[in-house]
Amino acid sequence: MSFRDDGAAAVEWAARYLEQVGEYPVLAQVRPGDITSRLPASPPERGEPFADVLRDVDEILLPGITHWQSPRFFAYFAVSASEPGILAELLAATLNSVAFLWRTSPASTELETVTLDWTAQLLGLPDGWHGHIEDTASTSTIAALAAAREATGRNVVVCSEHAHSSVDKAAKLLGLDVRKVPADAEFRLRVEELDLTDAAAVVATVGTTSIASVDPVPAIADACASAGAWLHVDAAYAGSAWVCPELRWSQAGVDRADSLVVNAHKWLFTPMDCSLLWSRRPEDLRRAFSLVPEYLRTSDEVDSLSDYGPALGRRFRSLKLWAVLRCYGREGLQARIREAVRLAELFEGWVRDEPGWEVCAPRHFSLVCFRRDGSDADNEGIVERVNRSGELFLSHTRLGGRYVLRLAVGNERTTEEDVLRAWAALRQA
Ligand SMILES: Cc1ncc(COP(=O)(O)O)c(C=O)c1O
């Protein structure tokens with residue numbers, strides 16, 4: 001078989017998968033080791049046809065896939081790899097650019113800058129911010145905090161008790177201490193508890209992982225400005241919502257950030273991995289990361305994006321984001337974000353109206369936190385049973401010491417029918 005035939009079969013496989021994904025159990029129904037036991041212990045001596053690889057994907061691997069592309073994936077933050085994004089990944093792998101210098105792939109470097117600028121316009125961010133792509137928000141936050149350490153010479157990072165664990169991990173890696181600030185009744189960082197005398201940075205979150213709460217960024221920006229601390233805003237999930245003007249209330253103060261992360265692979269319909277990092281102070285990122293050994297020295301008088309983050313080799317990640325922005329346009333992005341918010345609002349209403357159930361936190365975007373009257377063990381049992389049923393997949397958090405269920409809408413294929421099915425399964429469980 002030729003590359004062309006195998007390629008056609010692979011695209012056919014992908015198209016069929018996307019048509020059928022709603023029929024698969026959302027959470028993989030396997031036990032640890034099940035997949036390993038079905039795989040040969042050693043690699044083949046002689047090459048096999050690609051068709052055999054496709055066959056084994058179906059027969060061996062598919063049962064061990066938790067289907068993030070399922071319309072009833074409601075756990076963590078639900079994501080979508082859209083069709084334009086999937087196809088652009090194929091092109092990026094075909095080109096296999098390694099854009100560590102501008103000259104090693106001028107188009108990759110320049111498209112990345114243009115695409116980040118387009119996205120900044122779509123999200124209503126200030127003009128002139130420097131943007132580049134990292135793999136994940138974890139890496140973007142490492143980059144931002146390294147720049148903050150460089151800029152301030154200080155060693156403390158301050159964030160709310162609800163900040164994502166990637167902040168702790170970045171601090172651990174960079175040798176910084178983390179100081180957690182308690183949150184108020186709506187799960188927002190309490191500004192009056194901020195003490196920034198020795199702070200390199202504050203990480204403010206817009207859309208926290210557990211509840212999608214929004215820290216008071218304007219007041220945090222004031223505190224950072226008077227203390228000379230760096231303000232990094234983690235809007236990994238909720239930042240994509242700013243494509244809709246009615247959700248831009250949550251952007252207040254973000255224009256004063258020194259750096260901002262938004263994950264296009266979370267809620268901007270772009271396949272993993274594509275984390276967008278903007279900075280108002282790119283020179284500080286460069287100071288933290290730029291190293292030019294002899295073998296990378298060139299006469300090109302242009303920036304290399306590897307000077308702004310930890311990795312040297314850089315994939316052509318902007319291609320998939322560019323494809324999504326072009327094929328969906330502002331209107332398509334807005335329609336998808338609005339539909340997710342509408343479905344979450346609908347679900348929230350059902351929970352609120354049903355005796356014996358309770359909404360546990362204000363809903364700002366497309367995440368609903370709720371629980372059934374009863375003990376933590378009862379609620380844990382519900383999550384366990386619905387997830388085991390394969391009908392849907394959701395996750396949990398703990399708020400005020402109580403076990404709370406989370407339903408996150410974000411997959412572009414999710415319909416009202418899917419949310420209804422989830423609600424029916426939950427009530428039955
Ligand atoms: C608010 C927030 N920040 C950061 C992250 C980490 O993202 P990543 O997996 O891209 O490192 C998450 C993950 O869900 C998140 O919810």
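Biologist: How many aromatic pairs does a search of the whole structure find?

Modeller: This is a predicted model, where local features need pLDDT of at least 70, side-chain atom pairs count only at pLDDT 80 or more, and totals for chains, interfaces and linings use all residues. Residues are numbered from 1 along each chain as its sequence is written, and side-chain values use heavy atoms, without hydrogens and water. Rings of Phe, Tyr and Trp (its six-membered ring) pair if their centres lie within 6.5 Å; planes under 30 degrees apart are stacked, over 60 edge-to-face, the rest tilted. The search of the whole structure finds 16 aromatic pairs.

Biologist: Which parts does the pair of Phe73 and Phe393 tie together, and how far apart are they in sequence?

Modeller: Phe73 and Phe393 pair edge-to-face, at 5.3 Å centre to centre and 90° between the planes. Helices (H or I, at least four residues) and strands (E, at least two) are DSSP runs, numbered from the N terminus. Phe73 lies in the loop between helix 3 (50-61) and helix 4 (83-95), and Phe393 in the loop between helix 12 (376-389) and strand 10 (395-399), so the pair ties together parts that are 320 residues apart in sequence.

Biologist: Which residue has an N or O atom in its side chain 3.2 Å from an oxygen atom of the ligand?

Modeller: A polar contact here is a pair of N or O atoms within 3.5 Å. A polar backbone atom of Ala137 is 2.8 Å from a ligand oxygen. For the side chain of His265, the distance from an N or O atom to a ligand oxygen is 3.4 Å. The 3.2 Å distance belongs to Lys266.

Biologist: Which elements give two or more residues to the shell around the ligand?

Modeller: By class, the shell has three nonpolar, eight polar and two charged residues. The elements are helix 6 (137-152) and helix 9 (264-267).

Biologist: Where does Asn96 lie?

Modeller: Asn96 is not a glycine, yet has a positive phi of about 50°. Its place is the loop between helix 4 and helix 5 (106-123).

Biologist: Which residue does a cis peptide bond join to Met272?

Modeller: Omega of this bond is about 0°.

Note on methods. Polar contact = N/O pair within 3.5 Å; in protein donor to acceptor, adjacent residues only side chain to side chain. Nonpolar A, V, L, I, M, F, W, Y, C, P; charged D, E, K, R; others polar.
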